[in-house]
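Please keep the sequence and the structure in view while reading.

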Amino acid sequence: MDFMKINFKKFMILASGTFLASQAIAINAYQNQEGFLTNAQKQMALLDAAGKEVVFKDAGGKEALTVIIPEAKPWTPAGESASLVDFSDLNVPGVYQAYVGDSAIGHPIKISDSAYQDITKGALKFFYYQRASMELTEEFAGKYARPAGHLDTAVLYHTLLEKPDGATFNGAKGWYDAGDYGKYIVNSGITTYTLLQLYQHNKEYFSTLNLNIPESNNDIPDILDEIRWNLEWMLTMQDEEDGGIYHKLTSKQFCGTVMPDKDRKPRFAIGKGIEATWNFIAVMALASEIYAPYDKEFAELCLRKAEKAQMWAINNRYTYYEQPSDVGTGSYTNANGLTVAFWGRTELFRVTKNPVLLDTLKNMKMNLSRAKLQGWASSYMLAAFTIATNPNIFTPEQVDSAKAAIFLLADNYVASLEGNGYGVAMDDGDFYWGSNSVAANKGMVLMHAYILSKEKKYLNATIGLIDYLMGRNPLDKSYLTGFGVNPTMNPHHRPSQADTVEAPIPGMLAGGPNRDASDISACKNFDYRVTGAPAKSYYDNSCSFASNEVAINWNAPFAYIVGSIQAINSTGKVYDVESSVGVEYSIGIKENRKLKPRATTGNRLVFKNGAVQVEHVDIQGNKRLFDLHGKMVK
Ligand code: 9MR
């Protein structure tokens, strides 16, 4: 019998009870079901097993490592305690199986140098499957081939935009947002930025990564070809008359569960506001830098449109999107206007070095009380990421305050996993709509802390979050469709529901456990919540849009964390922030400001005792250390 391929729990159910029940100890073991990197942290969570031995055997059945199972510790989101077994010492590639006594526990443990490569490719290929206005052919989509949907070549304007009757524009291309077929600028903004940063921080690895997409044979990295599909749509969303950006392109109401080409509802540009406009500016500015070496004309177009949009944003600073009463598609309202403007200005300055922007930015110094995990509604950290990783462009004060914001959050996440039995930096309050994107976005904060400090604890905390998403969770679930032993099978995703293929499109991250469960009425009133265990409040049923929908802004940070860690492993290099000098070309103001050297008195951030601290130097030259909350450190 090949133990390596058998999920023990499934085996227990399938096999006739009497024979096995006598010798089996039913131990619940939760682990990353896809794979571990050879030289990285490896952990699994075991229930009711403290004090016993866990033996790891190689494919030949030979003992490779024995670990005493430590005491169990609680993890409140799971409503239970677990022992976190560390088997990082198992560092020879291969497939292993863990045993307690004679019983195989958990799933096969796959260790390799490229453990995250397939999930990186899968998470990025998802964007190809989400392409609007294009047929997916068998060559690239295999059994998920489908006709083109939503050509969007003659998009109407919603009445409130006050365009002439019957006027249309070409809003083709772009990615569908999620399980629905809408295209929303606000959500496209954070998604596209995240993917552009993934490339920017790992150019060497991504310059050759093949995603098997229609553009794979050109001279441009596949990831940039994929991103461009969405950028080209975003560019169509500018009102040519005044530069403002339409909020979204959708039908007035969601269509039914049909394939893209079967949705016949008319499509509209709906609303115009500063949230969409600053998102557009941020993304186009960054895109103009990244695409310049490949296509100067395209890069210039992005920047020109960003600058035009900026004029609208400045003149309309209080114009927020409001959902018209006849529209029922996703609203993406209540994004924080201040943070999105800060982010937009940051990106535009990075590229144009426009001194006017610098002055505005100086007045918008990072404020630690606003440092909040990034999401479509909160852009503060996106600005922080850019500023902290561009010390040659922003002032030392700005860079320090951006770093402080990153380390404040990252240190909180590291602290939250210490002493928790699952070793996962997620708290009760994180389990809202899209909780899996909370995990992935936390990982993105942690990876920035790692890039900036090279401290292993931040990398390890990110790996903990990846393990959580890939199976080290109390449901034994891999939340990435098509990967792992027990993956999400019924996501809320129209093409996966309406096609004739049983398995969903691979590489999609499910929204994840949601303690609010606002979709119960769509699920025949089945209340899938587990009292006292938000991490178990998940329903793998396509009815559950609040726990099981997929979305581009959830896949992007997941791609960022797995792609970055794989890239670091494959190339042996971590992104060097000193290498960032902005654009070589500039169509705006050419001046590349040489910034003043760092002040020798006052406050500066230092990395000491394994944490970021503030070093205060008084006029006598005495130095004192404070933590990020202003408390003096002895
Ligand atoms: O991700 C969004 C989540 O934060 C909101 O709480 C939720 C309800 O407004 O909407 C989510 O976004 C959905 C969007 O409105 C429409 N497309 C599907 C998105 C993912 O569920």
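## Ligand site, pocket and cavities

In this predicted model, an oxygen atom of the ligand is 3.1 Å from an N or O atom in the side chain of Trp 433. Taken alone, the ligand exposes 460 Å², and the protein buries 76% of that area.

**Surroundings of the ligand**

- The residues that surround the ligand are Asp 177, Ala 178, Asp 180, Tyr 184, Gly 330, Tyr 332, Trp 376, Trp 433, Glu 549 and Trp 554.
- Sorted by class, this shell around the ligand consists of six nonpolar residues, one polar residue and three charged residues.
- Trp 376 places a polar side-chain atom 3.0 Å from an oxygen atom of the ligand, and for Glu 549 a polar side-chain atom likewise lies 3.0 Å from an oxygen atom of the ligand.

**The largest pocket**

- By class, the lining of the largest pocket has 15 nonpolar, 16 polar and eight charged residues.
- At least two residues of this lining are supplied by each of helix H5 (185-201), helix H13 (396-417), helix H14 (435-453) and helix H18 (552-571), and the largest share, four residues, comes from H14.

**Cavities**

- The count comes to three cavities of 30 Å³ or more, and in the largest cavity there is about 60 Å³ of space.
- The lining of the largest cavity is formed by Asp 180, Tyr 181, Gly 182, Thr 250, Ser 251, Gln 253, Phe 254, Cys 255, Asp 263, Arg 267, Thr 329 and Arg 494.
- By class, three nonpolar, five polar and four charged residues line the largest cavity.

Methods. Residues numbered from 1 in each chain as written. Predicted model: local features only at pLDDT ≥ 70, side-chain atom pairs only at ≥ 80, totals over all residues. Heavy atoms only, no water. Near = heavy atom within 4 Å. Polar contact = N/O pair within 3.5 Å; in protein donor to acceptor, adjacent residues only side chain to side chain. Areas by Shrake-Rupley, 256 points an atom, 1.4 Å probe, with all protein chains shown as cover. Nonpolar A, V, L, I, M, F, W, Y, C, P; charged D, E, K, R; others polar. 1 Å grid on protein atoms, 1.4 Å probe; cavity = no way out; pocket = protein on both sides within 12 Å on 5 of 7 lines; lining within 4 Å. Points joined across faces, edges and corners; volume = space filled by probe spheres on them.
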